[in-house]
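User: I would like to learn how to read helix packing and pockets in a model. Can you take me through one case?

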Amino acid sequence: MPSHIEMAENLVDQVMSIARNTKAPMETYPTEELEWVATTAFNRAVEFYSTSQDKTCRRWAEKAISLAELNNDGGLLHQLLQSKYMDLAWDP
């Protein structure tokens, strides 16, 4: 049985797939939900960062940034998360 982290990551992937595959303007993924999922995924990435799990942090942060890019907010959340991601200091 997958862990709750794996299940959460699978859900993020499903949301991303659905959001990417909605083509018609009336079928877009709800903005508030995309914002919540992207922000929650990024917060999870920060949790991994704080425990020195860099590889997992990067994976979650990149998913969050990709989700934010699909949001219909003129790129605001994408820019914010990208900026926060770039501010993280990585071990060499």
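**Reading helix packing**

Analyst: Helix 3 and helix 4 are roughly antiparallel to each other. Keep in mind that this is a predicted model.

User: How are two packed helices described in general?

Analyst: Two packed helices are described by the angle between their axes and the distance between the axes. Here, the axes of helix 3 (residues 54-70) and helix 4 (residues 76-86) cross at roughly 160°. They come within 8 Å. Angles over 145 degrees count as roughly antiparallel, hence the label. The crossing of helix 3 and helix 4 is left-handed.

User: Which residues make the contact of helix 3 and helix 4?

Analyst: Helix 3 brings Arg58, Ala61, Glu62, Ala64, Ile65, Ala68 and Glu69. Helix 4 brings Leu77, His78, Leu81, Gln82 and Tyr85. By class, that contact has seven nonpolar, two polar and three charged residues.

User: At what angle do helix 2 and helix 3 pack?

Analyst: Their angle is about 165°, and their axes are 8 Å apart. Helix 2 and helix 3 are therefore roughly antiparallel to each other. Their crossing is left-handed. On the helix 2 side, the contact includes Leu34, Val37, Phe42, Phe48 and Tyr49. On the helix 3 side, Cys57, Trp60, Leu67 and Leu70 are among the residues in contact. The classes in the contact of helix 2 with helix 3 are 15 nonpolar, one polar and two charged.

User: Are helix 1 and helix 3 parallel or antiparallel to each other?

Analyst: Helix 1 and helix 3 pack at about 25°, with axes 10 Å apart. They are therefore roughly parallel to each other. Helix 1 passes helix 3 in a left-handed crossing. From helix 1, the contact includes Ile5, Val12, Asp13, Met16 and Arg20. From helix 3, it includes Arg59, Trp60, Lys63 and Leu70. The contact of helix 1 with helix 3 counts nine nonpolar, one polar and five charged residues.

User: Now the pocket. How much space lies in the largest pocket?

Analyst: The largest pocket holds about 190 Å³ of space. Its lining is Ala8, Leu11, Val12, Trp36, Val37, Thr40, Ala41, Asn43, Arg44, Glu47 and Trp60.

User: Which helix gives the most to that lining?

Analyst: Helix 2 does, with seven residues. Helix 1 (4-21) and helix 2 (31-50) each supply at least two lining residues.

User: What classes of residue line the largest pocket?

Analyst: Seven are nonpolar, two polar and two charged. Check back against the contacts. Trp60 lines the largest pocket. Trp60 is also in the contact of helix 1 with helix 3, and in that of helix 2 with helix 3.

Note on methods
Residues are numbered from 1 along each chain as its sequence is written. This is a predicted model: local features need pLDDT of at least 70, side-chain atom pairs count only at pLDDT 80 or more; totals for chains, interfaces and linings use all residues. Side-chain values use heavy atoms; hydrogens and water are left out. On a 1 Å grid over the protein atoms alone, a cavity is a set of points where a 1.4 Å probe fits but cannot get out, and a pocket is an open set with protein on both sides within 12 Å along at least five of seven lines; lining residues have an atom within 4 Å of a point. Grid points are joined across faces, edges and corners, and a volume is the space filled by probe spheres set on the points. Helices (H or I, at least four residues) and strands (E, at least two) are DSSP runs, numbered from the N terminus. Ala, Val, Leu, Ile, Met, Phe, Trp, Tyr, Cys and Pro count as nonpolar, Asp, Glu, Lys and Arg as charged, and the others, Gly among them, as polar. Axes are lines fitted to C-alpha atoms, for helices over the stretch in contact, and angles run from 0 to 180 degrees between N-to-C directions. Angles under 35 degrees count as roughly parallel, over 145 as roughly antiparallel, 65 to 115 as roughly perpendicular and the rest as oblique. A crossing is left-handed if the near helix is turned anticlockwise from the far one by less than a right angle, and right-handed if clockwise. Contact means heavy atoms within 4.5 Å.
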